[in-house]
Amino acid sequence: MMAVETLRVTNLKKYFFTKQGVVKAADGVNFSIWEQETLGLVGESGSGKSTVAYTIMGIYAPTQGTILFKGKDISKESKKRSKRFKKDIQIVFQDPGSSLNPRRSIKQILELPLRVHRITNGSRTDQIEQLLNMVELPSDYMYKYPLAIGGGERQIVAIARALATNPSFIVLDEPTSALDVSVQAKIINLLMSLQEELNLTYLFITHDLSLMRNLATRVAIMYLGKICEIAPTVEFFKNPLHPYTRMLLSSIPVVSKDEEELKPKKIISRGEIPSPVNIPPGCSFHLRCPEKMDICTRADPMMIEYAQGHFVRCHLYPIETG
Amino acid sequence: MVEKLLDIRDLHVQFDVYGGTLKVLNGVNLCMEEGEKVGLVGETGCGKTTTAKSILRILPEPPARIPKGEIFFKNQDILKMGSRDIRRIHAHEISMIFQDPTASLNPVFTIGDQLMEAIKYSSIEDGISKREIQRRAIQSLQDVALPDPERILENYPIQLSGGMRQRICIAMALATRSRLLIADEPTTSLDVTIQDQVLRLLGILVQEKETSTILITHSLGIVREWTKRVYVMYAGAMVETARTEELFEKPLHPYTQGLLKAVPKLTGEGIAKGIPGRIPNYLNPPSGCRFNPRCPHVMPVCKIERPPFFTTEGIHQVACFLYKE
């Protein structure tokens, strides 16, 4: 089976220049996303996962590096991109309370992308009704305002807005982290069935590894602006390689004994994420790493392919094994 | 016979707002013994924090009203106390850790000012010297594993990370040597690796100081790892209580079951459909069992009568008519 590459990010860097110094929010990020897959990009706050998402969306222009979307270079700001690409790439933000304008009705909210991209088939009201149908909301919701509906439903409206332009690729930036689990379950199910129905490709930004276990095709872990491990989901959870991945996994509170057994033993979380202005030399994780060696304080490890499709960036796995 | 530390009986709390009365707490029962670690778990808006605030009597009254119920702390009803006794409770008996450490620390005072004030306030009778206060402040920062405590006393909250700020709130809550600690979502705003550290630390400290603890959270995983006994709350009342281990092995209430199924698992068994509908409007909550509009096993009686607690096994109790006899 020959999969088609939807997105390729090569050596992506995004630096912010501040009074305190240079913030290297993304510092040489490489990954590809294949058609119809879900790549889970996981990291803690300050790891740069949202910066990567926003750079792909064109909210920021990259400092360096290229973003290829379906083979075309889109490594520039959104206003310099052609409308055709903008239409094809959409985003759902974390907090639907602030990403939906409280003074617009849901009809007006969903109408805007249709107007901007001059999408006409049937009347606007019909189109909006169709959109609401697609996300399983009753059609009379178009006359409501965001404040009048629940948090989960607001996020569903945000998803409908992303779908309005009929995109093939959607960036989901922590779409459920502000919601309760029972509501999250509903939204995840909706996203999964939409993916199947409309052949969508997802980049799912999150800090929740348990959620990715059930949803992603592949998982990538980010720490201080760099990816430290990326692997197909099943392999990733069966054989986590990077000490940071293991630390994350062992920190997750779980709800059953079966899950308990999947957590790596004897890795105790310690230390805090350093400030991205002041990234430690060598491997940026060495201050917290339980398996630190001499070389880690000096040299930043290279990404190697440890097993098929399983990449890791750590000195524990020397290049020969790759 | 171990003495009951806290015993909440049939607590009702209502809020008078424009357009009616929000009937939020609808008969909360919670009881704990000295030295216990109890979890209170439920989703947004189920009344967890309202319960905590009523124990401390820090609900804004009005709009809040407590038309019915009793809160016995060491056999005295907190709801009948005068403001003097309430102050004594705040100073020496019950402390609380809030969800957002940024909001609970004052940004314009140093950590030292705030921490030392808490220590001073909680030890009025001692006639304690300034030097002693400072010594205790430094000690309490060392207890929560913060490096360089002398310097931290001089810092303002903004100079510290979220994890450090929450440790300071923990230090402040425990420095008062309270008998009961209410931790309201203490790690929700933290990253998972930091959350793990903070919870582990909190566990060690309450063990050492023999502080009884109520941990309020929406995360079933945290409850499972941290508490011995748990209450599940839905729409203003307890729906189930059991030993933690038993609750996770054999959840009985349809709400608990739905909630547990909705949690994404590391074992990767897919994501359940979630619970249909949403939490009721407190202006006009459903009669009978408040879960009945969302319940997959709803029976006619559920719409008329409120289910009392039925005991199934040992201390496992569930408020659901499915378990009547």
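1. The A–B contact. In this predicted model, chain B gives 36 residues to the contact and chain A gives 31 residues. Two residues are in contact if their C-beta atoms, placed from the backbone, lie within 7 Å. On the side of chain B that touches chain A, helices H8 (192–209), H9 (220–226) and H11 (254–262) of chain B each supply at least two residues. H8(B) has the largest share, six residues. Helices (H or I, at least four residues) and strands (E, at least two) are DSSP runs, numbered from the N terminus.

2. Conventions. Residues are numbered from 1 along each chain as its sequence is written, and chains are lettered from A in the order in which they are written. The model is predicted: local features need pLDDT of at least 70, side-chain atom pairs count only at pLDDT 80 or more, and totals for chains, interfaces and linings use all residues.

3. Chain B overall. Chain B has 11 helices and 12 strands. Its C-alpha atoms fill a box of roughly 65 × 50 × 45 Å along the principal axes. Of its 325 residues, 45% count as buried (20 or more other C-beta atoms within 10 Å of the residue's own, with C-beta atoms placed from the backbone).

4. The sheet of chain A. Eight strands form an open sheet, ordered S6-S7-S8-S3-S9-S10-S12-S11 (chain A), with mixed pairing. Two strands pair if DSSP finds at least two bridges between them. S6 (89–92) and S11 (304–307) of chain A are the edge strands.

5. One strand pair. S10 (226–232) and S12 (310–312) of chain A run antiparallel, joined by two bridges. Ile230(A) has Phe311(A) in S12(A) as its bridge partner.

Methods: A residue is buried if 20 or more other C-beta atoms lie within 10 Å of its own, exposed if 12 or fewer, and partly exposed in between; C-beta atoms are placed from the backbone.
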